[in-house]
Amino acid sequence: MKGNKTSLGICALFIIIGLFRFTYANPYNPHVSPTKGPFVEGWYSRILDFESNHSFGILFGRVMSRDKDPFFGRYALNNVVSLFHSRGDDSSMEVFRGSPSSDDVKVTSQGKLVTMEPDFKSSASFEWEAKSYGFFQVDEQETRFNFTNINGVSFIGILGAPNPWGPYGEGPEGWTDEYPLHWYVYSLGSELINYNWVNEQTGEMLRGRQGVVFQQKVWGTTFPLAWVWAQGFHWASRASFALSLGVLGTAGFSKPIHLIGYRSSAITLNFRPSNSRLRKNINECSGVVSATVTSHTHQLEFEINAPPSSFQAGLLRLNENDFSPVCVETYIASAFFHVYKRTQQRYELIESGEFHLAALELGGLYVCQE
Ligand SMILES: *[C@@H]1O[C@H](CO)[C@@H](O)[C@H](O)[C@H]1NC(C)=O
Ligand SMILES: *[C@@H]1O[C@H](CO)[C@@H](O)[C@H](O)[C@H]1NC(C)=O
């Protein structure tokens, strides 16, 4: 977040001269509209209903193209809102999409148009709204959304206060500024207050009030060449994990990256390239990802798998120039973790965790081509 230091500087100046009262934002809050592409900004939430085992996903955001449109002489800006629904069994996930025009999208932070980049200090407060599609509204206590008629589906709900990744707005990247793409986890698992899902085409109505919610945001000027993203919760023990690994870069340059968080009642572990090394094995066509990540103090070994038939192809996700089908995703993965602590001479197993109905996404070069 290169812009951050500058905007904080300017912000401090205004406070000193007392022109405005500034409130700070949170990395989950919207970024200032860029003046040139490429730029992506997308919010994604996943709700898991414990009573029915159904999962629902909400994705909305925008992509500004890398190049100017030769005809209009400006960068193309695409907005998207997508809803996902999985029944928790191996029937394939359903996807519903809308593409609001930019004139119909209004994004505000603290009730005002966005003129400052988010910082790390304060709670989230923003609203994304698209005329005739609905809204997603966040404050520090709750998230409310009401999407209507996205491809025939309406989805309304209330989500509880976030269960943050770390203190002071810390996310998976820690405090580094070195990546062209940012991943911020707003909540590793908040409480579902309620939802109401209506599919007008089939007449199906689903409601729930027992579940858990994951919320994240991605933004930046590139998208990975290849990636694995996964997330899961174990509500009874309150354990959770979220991870992204892959390769950032362009044709001429590439850099492996891993950002991994594991939480249980006993331990909080964060791994990133600056503190650990990753060995991974991705078998995209059999739907299996396994890896070992090792830091000076701990080692985490994991395997995440899902039936290949459960991956939904053609999900539109943020790509560099548009939202194209660049990845496959499932909400019925199983994940197995072993946590080791370093003792004198070796790594000693201290706990194991198992997660079912986890989310697993394979993107870019990790999409099975068979
Ligand atoms: C939900 O999944 C769990 C296993 O993860 C299973 O024990 C339970 O019976 C399922 N519930 C329903 C309603 O399918
Ligand atoms: C959701 O939005 C629709 C359309 O604007 C509106 O009719 C409905 O009352 C809203 N529901 C809630 C719970 O806000």
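Modeller: Two strands pair if DSSP finds at least two bridges between them. Helices (H or I, at least four residues) and strands (E, at least two) are DSSP runs, numbered from the N terminus.

Biologist: What stands opposite Phe 126 in strand 8?

Modeller: Val 138 does. Strand 7 (residues 126-130) and strand 8 run antiparallel, joined by five bridges. Their hairpin has three residues between the strands, and Ser 132 there takes a positive phi near 70°.

Biologist: Back up a bit. What kind of model is this?

Modeller: It is a predicted model: local features need pLDDT of at least 70, side-chain atom pairs count only at pLDDT 80 or more, and totals for chains, interfaces and linings use all residues. Residues are numbered from 1 along each chain as its sequence is written, while chains are lettered from A and ligands numbered from 1 in the order in which they are written.

Biologist: What is the mean pLDDT?

Modeller: The mean is 87, and 89% of residues reach 70 or more. pLDDT is the predictor's confidence in each residue, from 0 to 100.

Biologist: Where does pLDDT stay under 50?

Modeller: Over residues 1-25. The model has 27 contacts beyond four places in sequence for that stretch. Contact means C-beta atoms, placed from the backbone, within 7 Å.

Biologist: How many helices and strands are there?

Modeller: One helix and 23 strands. Of the 370 residues, 42% count as buried. Buried means 20 or more other C-beta atoms within 10 Å of the residue's own, exposed means 12 or fewer, and partly exposed is in between, with C-beta atoms placed from the backbone.

Biologist: Back to strand 8. Which residues sit on its covered face?

Modeller: Gly 134, Phe 136 and Val 138. Phe 135 and Gln 137 are on the uncovered one. On to strand 9 (residues 143-150): five bridges join it to strand 8, antiparallel. Phe 147 in strand 9 is the bridge partner of Gly 134.

Biologist: Is Cys 327 buried or exposed?

Modeller: Cys 327 is buried, because 26 other C-beta atoms lie within 10 Å. This cysteine is found in strand 22 (residues 323-342). Its C-alpha atom is 9.4 Å from that of Val 228, 99 residues apart along the chain.

Biologist: New topic. What surrounds ligand 1?

Modeller: Ser 52, Asn 53, His 356 and Leu 357. A residue is near a molecule if its C-beta atom, placed from the backbone, lies within 6 Å of it.

Biologist: Where is Asn 53 placed?

Modeller: In the loop between strand 1 and strand 2 (55-68). Phi of Asn 53 is near 70°, positive in a residue other than glycine. Asn 53 counts as partly exposed because it has 16 C-beta neighbours inside 10 Å.

Biologist: Last one. Which residues does the cis peptide bond join?

Modeller: Gly 37 and Pro 38, with omega about -5°. Pro 38 is in the loop between helix 1 (3-17) and strand 1 (39-49). Most peptide bonds are trans.

Key
Two residues are in contact if their C-beta atoms, placed from the backbone, lie within 7 Å.
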